[in-house]
Amino acid sequence: MKDTVESYTTPDGRTIGGVLMEMKNITLRFGGVVAIKDISFDIREGEIRAIIGPNGAGKSSMLNVISGFYKPQEGEVWFRGERRGPVKPYQVAREGIARTFQNIALFEGMTVLDNVMTGRITHMKAGLPAQALWWGKAQNEEVANRAHVERVIDFLEIQAIRKTPVGRLPYGLKKRVELARALAAEPKLLLLDEPMAGMNVEEKEDMSRFILDVNDEFGTTIALIEHDMGVVMDLSDRVVVMDYGKKIGDGTPDEVRGNQDVIDAYLGVAHD
Amino acid sequence: MPDQLLFAAEVTLNGLMAGVLYALVALGFVLIYKASGIFNYAQGVMALFAALTLVGIMDGQVPFSHLINAIFGTEVHHFGWHVPAVAAILLTIVVMVVLAWAVNRFIFRHLVNQEPIILFMATIGLAYFLEGFGDLMWGSDIKKLDVGLPQGINLWIDETTYNAFGYGFFIDNLDIVATVIAALLVIGLVIFSQYTKQGRALRAVADDHQAALSVGISLNFIWVLVWSVAGFVALVAGIMWGAKSGVQFSLSLIALKALPVLMLGGFTSIPGAIVGGLIIGVGEKLFEFLIGPLVGGATENWFAYVLALLFLVFRPQGLFGEKIIERV
């Protein structure tokens with residue numbers, strides 16, 4: 001594990017910066033059930049950070065803590081050098097953390113373009129009166145936002161379905177539209193909850209390529225949850241391994257692969 | 001042209017005008033239902049409350065005067081001034097926004113993720129509370145509402161049609177104004193929801209709450225906004241209805257006529273509310289005119305409901321509603 005705070009360059013030439021987000025001693029309980037138990041880890045600027053673990057390990061709960069959907073009972077969340085107070089999910093989004101969902105949460109009745117445009121809502125500043133009159137600022141803003149959205153749509157190769165209502169799209173494309181919406185917000189941190197769940201091999205390869213490209217082109221920091229071990233090991237710079245709400249490993253893919261606890265968790269050794 | 005046909009044409013026109021008022025009330029329902037899944041039984045009472053507040057402010061009435069007088073033994077009823085209509089309307093809008101905020105802060109914020117039936121019961125409670133509150137605040141007497149809208153027969157239409165067909169149509173000026181205002185309101189709402197940031201956020205919330213949160217939309221803000229807009233629509237409906245037949249507590253019953261309108265138009269469609277309102281308005285007037293004499297009249301009381309029932313059997317999602325298809 002690289003525990004230096006200085007930035008370094010990866011073998012493939014990307015720059016990993018200082019700590020962007022730090023989770024300190026997070027504990028999350030639902031009634032008597034402990035979903036996350038005293039977990040600490042950090043996410044560094046520009047890296048792809050994976051959270052893996054067997055079913056029910058608390059990975060999604062962790063992502064929900066980062067994005068403000070769940071409030072941990074104990075622990076601190078630090079983002080860009082500041083401790084985060086109690087926040088609502090929409091405030092987290094406004095701080096520059098965008099996410100996708102395991103079970104896809106898109107606006108089914110809207111077109112792909114409109115869906116991706118909603119990702120720009122945090123960037124629209126003009127008030128209602130200005131928009132009502134449709135003058136200057138509001139109009140320029142709309143044009144600039146629209147231009148950015150078109151770039152994202154081109155980037156993710158979904159031009160052909162721009163005007164299609166999302167409800168009519170197949171699963172794999174919906175996942176891509178959701179990624180486009182999150183990307184449209186120009187997030188400082190992008191959270192992906194099982195971006196490849198339910199996909200076939202080709203779709204998985206496409207999605208992996210997009211995740212790497214996003215990280216490479218925009219320098220977006222990405223934290224992702226994934227089941228597919230092969231994919232995780234190929235994609236990520238560092239991996240957190242969770243099991244039964246606890247952190248059992250943290251490090252580069254190679255380090256994690258050799259960790260006895262991790263092997264036990266995945267192969268199923270009796271817990272004592 | 002034969003007389004019967006001319007009568008029918010006049011009846012149709014008048015039906016259209018009546019339909020506009022139904023449509024206005026139905027519009028308020030649709031707005032809230034779309035954004036929050038709440039069927040707001042109190043929409044009719046909101047129109048009443050808005051109209052009461054408007055009259056009260058215009059006449060310089062002291063709010064809660066009965067209560068104040070009973071507690072302090074005073075005799076205050078009026079401030080002794082009259083507020084011009086435009087200023088009074090603006091003040092009433094402020095009151096409706098405060099009401100929207102209070103409704104969300106004290107009721108619906110505590111009922112997030114509850115069953116629709118519970119939300120519906122809450123709005124019934126709200127309806128009776130608001131009716132009593134309006135009574136306490138402004139008194140229960142029938143009030144005259146005059147914001148300076150033209151009223152009475154439109155002579156130009158009367159004369160033109162008389163010269164053309166030998167029979168003058170009776171169209172009330174107020175109905176024409178109501179139609180124009182309703183049309184402007186709908187155009188405004190469509191522009192708002194299609195082209196503004198808040199409108200886009202509103203459509204997003206209507207579609208998926210979780211996704212809306214994740215792109216940075218505050219649900220509370222949108223709910224207050226949508227209840228404010230519904231309050232504004234209620235005010236417009238209240239003004240029209242009040243100008244026509246005085247501000248009285250039976251006004252809250254117009255909410256019931258909006259139900260068949262919604263079943264026809266679909267609960268989630270703004271154009272549906274308008275078209276549904278017009279169909280019910282024209283339908284019940286024409287039915288009364290053509291079939292009424294054969295069955296002893298008073299068909300206006302039930303025609304809308306029977307029509308709605310037929311729609312429920314053959315097209316449950318309404319004319320413009322979204323068909324619900326669940327994947328299994």
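In what order do the strands of the open sheet of 4 strands in chain A run? Keep in mind that this is a predicted model, then select the strands and read across: the order is S4-S3-S6-S7, and the pairing is antiparallel.

Now pick out the two edges. These are strand S4 (33–44) and strand S7 (82–83) of chain A, and each of them pairs on one side only.

For one residue pair to click on, take A:Lys24, whose bridge partner in S6(A) is A:Glu76.

You'll be in the loop between helix H5 (136–155) and helix H6 (171–184) of chain A. Is A:Glu157 buried or exposed? A:Glu157 has 12 C-beta neighbours inside 10 Å, so it counts as exposed, the cut-off being 12 or fewer.

Last stop: A:Tyr244, in the loop between strand S11 (238–243) and strand S12 (246–251) of chain A. Phi of A:Tyr244 is near 50 degrees, again a positive value in a residue other than glycine. How many other C-beta atoms lie within 10 Å of A:Tyr244? There are 15, so A:Tyr244 is partly exposed.

Notes: Residues are numbered from 1 along each chain as its sequence is written. Chains are lettered from A and ligands numbered from 1 in the order in which they are written. This is a predicted model: local features need pLDDT of at least 70, side-chain atom pairs count only at pLDDT 80 or more; totals for chains, interfaces and linings use all residues. Two strands pair if DSSP finds at least two bridges between them. A residue is buried if 20 or more other C-beta atoms lie within 10 Å of its own, exposed if 12 or fewer, and partly exposed in between; C-beta atoms are placed from the backbone.
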